[in-house]
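Work through the exercises below with the sequence and the coordinates open. Each task is followed by a stepwise solution.

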Amino acid sequence: MAIWSNKFHEEMSQDAYNFNQSIQVDYRLLDADLRGSKAHAAMLGKQGILPLEETDRLVNELEQMRQDYANGSLQIDFTSEDVHSFIEAELTERLGTIGKKVHTGRSRNDQVATAMRIYVLDELTDFINQTKTAIQAIISKAEAHLDTIMPGYTHLQRAQPITYAHYLMAYAQMYVRDLGRFEDLYDRVAADMPLGAGALATSSYPIDPFYTTSQLDGFTAPFVNSIDAVSNNDYAIEFLSALSIMSMHMSRYAEETIMWSSQEFRFIRLTDAFSTGSSIMPQKKNADIHELMRGKTGRVYGDLMAVLTIMKGIPLAYDKDMQEIKEQLFDGIDHVKAMLSLLPGMLEATIVDADRMYAACGSGFLNATDCADYLTNKGMAFRDAYKISGNLVAYCTEKDQALEDLTLEEYQGFSDLFEADIYEAIDLKNCVYRRNVAGGPAPEAVQAAIERVRTNIA
Ligand code: ARG
C-alpha cells in the first residue's frame with residue numbers, strides 16, 4: 001500500500017504500481033534522505049511545531065537508521081514505492097505514531113529535491129578530490145618528460161616539435177577547468193537548499209528553512225523561490241554537462257593513446273596492466289580500456305541529452321517525469337567516476353618511446369617555420385621568408401631529404417641571407433627550447449606552467 005493511500009484514492013493496479021516505483025534506482029539516496037529528514041525533524045522541534053521530546057526521538061532514530069544501513073542491519077524493502085516511502089514506513093515501524101509525524105510541514109517533492117542535492121554535494125566532493133588526484137598524476141608524468149621531444153600535430157599532420165610534458169599539461173588545463181565547473185556547481189547547489197518548499201508553495205506551519213539549512217553540512221542558504229526549488233533540475237543538467245565535457249577530454253586522450261600505441265606510431269606502449277590480449281591473435285596488446293572510455297563518453301552525452309529532453313516540456317512545478325532523471329544522473333556519475341579513477345593508473349601504464357618520438361620529428365619538416373623565422377630575423381619580411389622556406393621544403397621533398405641535410409651552398413641558392421648558423425636555427429631541440437614563451441613548450445616554460453597548476457589545485 002502506498003503512503004498516500006486513503007479513502008479518496010483506491011488501490012492502484014499492480015502493473016501501474018510497478019511502473020511507478022523508483023526504489024530500484026533511488027535506494028542509493030537512503031543516507032542522503034535520512035540526513036535531510038533529520039534536519040527537518042530538528043527544525044520542527046526548534047520551531048515548536050512538534051514537541052522536542054518527539055523530535056529528539058525522530059532525530060535519534062533517523063541517525064540509528066543511518067548506522068544500521070551502514071553496518072548492514074537495515075535491509076531495504078524493495079517493494080516500497082520509493083526510498084522516501086520506505087524510510088517513513090521503517091521509522092513508523094520503529095517509533096509508532098511519532099514516526100508518522102516526520103512528514104509534518106514537508107512534501108515528498110521538497111524531500112526528494114533535498115535528498116538529491118545532498119547526494120550531489122557528496123558526489124561533487126568526490127569528483128573535486130579525484131580530479132585533483134588525476135591532475136597530480138599528470139604533473140608527475142609531465143615532470144619526467146620535460147625534455148621528451150615529439151611531433152606536435154594539427155590536422156593530424158606533423159606541425160611543430162613540442163614535448164610530451166607540454167602535451168600532457170594541455171590535459172592538465174582541461175581538468176583544471178573541469179575542476180572549476182565542479183566547484184562552481186557545488187556552490188550553486190549549496191546555496192539553494194529546497195527543504196521547506198513543500199509540494200510547491202511552502203507550508204502553513206511556522207517552518208524555518210534557514211535553520212534546516214544550518215543543520216545540513218555544506219549548504220549555505222535555502223531556496224529563494226519554492227516553485228523553482230521543487231521543479232528545477234538545472235543542477236543535474238549542469239552536473240551531466242560537466243561530466244560530458246570531462247569525459248570528452250578523457251576520450252580525446254584515450255583516442256591518442258590508441259593511435260600512438262599502434263604499430264603505425266609506436267610512440268607509446270601500454271603495459272599489461274592496461275591492455276588486453278586477443279583470444280585468437282597471440283601477438284596482440286589492445287587498448288580496450290581506452291576504447292571503453294571513448295565509448296562511455298557517448299553514453300554520458302546520452303544521459304545529458306535524456307535529462308534535457310525530459311525537462312523541456314514539463315509544466316511547473318513537480319511532475320513525475322522528473323523521477324526519471326535520477327537514473328540518468330546516477331549513470332553519468334558512476335561511469336565518469338570510474339573513468340576518472342583509472343587515469344593515474346593509465347598514465348603509469350603508458351611507457352613512452354622517446355627515441356621514436358624524436359625520430360618522428362626528423363621527417364615532415366617540423367622545423368620549416370623556424371627556417372622562415374631565421375630569415376625573418378635576418379631582416380626579410382615574413383611572407384617572403386615563408387615562401388622561401390616552402391620552396392626549400394619542395395626541394396627537399398623532391399630529393400627525399402630533410403632541411404638538416406642540405407648544404408650551405410644549397411641554402412644560399414635560395415637566399416644569400418643563409419649562413420652557417422641556419423643549422424643551429426633548425427635543430428629540433430633548439431626549436432623547442434627557443435619557444436620559451438609563457439605557456440609554450442620549452443622545458444622552463446612547462447615547469448612554470450606545472451607550478452601554476454600545482455598552486456591552483458593546492
Ligand atoms: N519517487 C518520486 C520522485 O522521485 C517521489 C516524488 C513524489 N511526488 C509526487 N508528487 N508524486 O520523483
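## Exercise 1: Helix H3 and its end

H3 is followed by Gly48, which has a positive phi near 70°. The model is a predicted one.

**Task.** Find how far H3 reaches from its first C-alpha to its last, and how many of its residues are buried.

**Solution.** 
- Step 1. H3 spans residues 30–46, 17 residues in total.
- Step 2. From first to last C-alpha H3 reaches 24 Å, close to the 24 Å expected at 1.5 Å a residue.
- Step 3. Of its 17 residues, 14 are buried, and H3 is mostly covered.

## Exercise 2: The ligand shell

**Task.** List the residues around the ligand. Then state why the ligand shell lies between two domains.

**Solution.** 
- Step 1. The residues around the ligand are Ser22, Asp26, Asp82, Arg108, Asn109, Val112, Tyr318, Lys320, Met322 and Gln323.
- Step 2. Sort them by type: 3 are nonpolar, 3 polar and 4 charged.
- Step 3. Helix H7, residues 108–143, gives the most to this shell, with 3 residues.
- Step 4. Domain 1 (14–104) and domain 2 (109–357) both give residues to the shell, so it lies between them.

## Exercise 3: Domain 2 against domain 3

**Task.** Describe the contact between domain 2 and domain 3, starting from the domain bounds.

**Solution.** 
- Step 1. The domain assignment gives domain 1 (14–104), domain 2 (109–357) and domain 3 (360–446).
- Step 2. The C-alpha centres of domain 2 and domain 3 are 42 Å apart.
- Step 3. In the contact, 17 residues of domain 2 meet 12 residues of domain 3.
- Step 4. On the side of domain 2 that touches domain 3, two or more residues each come from strand E1 (149–154), strand E2 (157–163), helix H8 (164–190) and helix H14 (354–360).
- Step 5. E2 gives the largest share of that side, 6 residues.
- Step 6. By type, that side of domain 2 divides into 11 nonpolar, 3 polar and 3 charged residues.

## Exercise 4: Annotated spans

**Solution.** 
- Step 1. UniProt, in an unreviewed entry, places "domain: Fumarate lyase N-terminal" at residues 11–302.

## Exercise 5: Backbone exceptions

**Task.** Which peptide bond is cis? Is Thr202 buried or partly exposed? Is Phe365 buried or exposed?

**Solution.** 
- Step 1. Recall the background: most residues other than glycine have a negative phi, and most peptide bonds are trans.
- Step 2. The bond from Leu316 to Ala317 is cis, with omega near 0°. Ala317 sits in the loop between helix H12 (288–311) and helix H13 (325–348).
- Step 3. Thr202 is not a glycine, yet its phi is positive, about 60°. Thr202 lies in the loop between H8 and helix H9 (209–214).
- Step 4. Thr202 has 19 C-beta neighbours inside 10 Å, so Thr202 counts as partly exposed.
- Step 5. Phe365 also has a positive phi, near 55°. Its place is the loop between H14 and helix H15 (368–377).
- Step 6. Phe365 has 22 C-beta neighbours inside 10 Å, so Phe365 counts as buried. The cut-off for buried is 20 or more.

Notes:
Residues are numbered from 1 along each chain as its sequence is written. This is a predicted model: local features need pLDDT of at least 70, side-chain atom pairs count only at pLDDT 80 or more; totals for chains, interfaces and linings use all residues. A residue is near a molecule or strand if its C-beta atom, placed from the backbone, lies within 6 Å of it. Helices (H or I, at least four residues) and strands (E, at least two) are DSSP runs, numbered from the N terminus. Ala, Val, Leu, Ile, Met, Phe, Trp, Tyr, Cys and Pro count as nonpolar, Asp, Glu, Lys and Arg as charged, and the others, Gly among them, as polar. Domain bounds come from an automatic or database domain assignment. Two residues are in contact if their C-beta atoms, placed from the backbone, lie within 7 Å. The expected span of a helix is 1.5 Å times one less than its number of residues. A residue is buried if 20 or more other C-beta atoms lie within 10 Å of its own, exposed if 12 or fewer, and partly exposed in between; C-beta atoms are placed from the backbone. UniProt positions are given in the numbering used here, feature names are shortened, and annotations may be inferred rather than shown by experiment.
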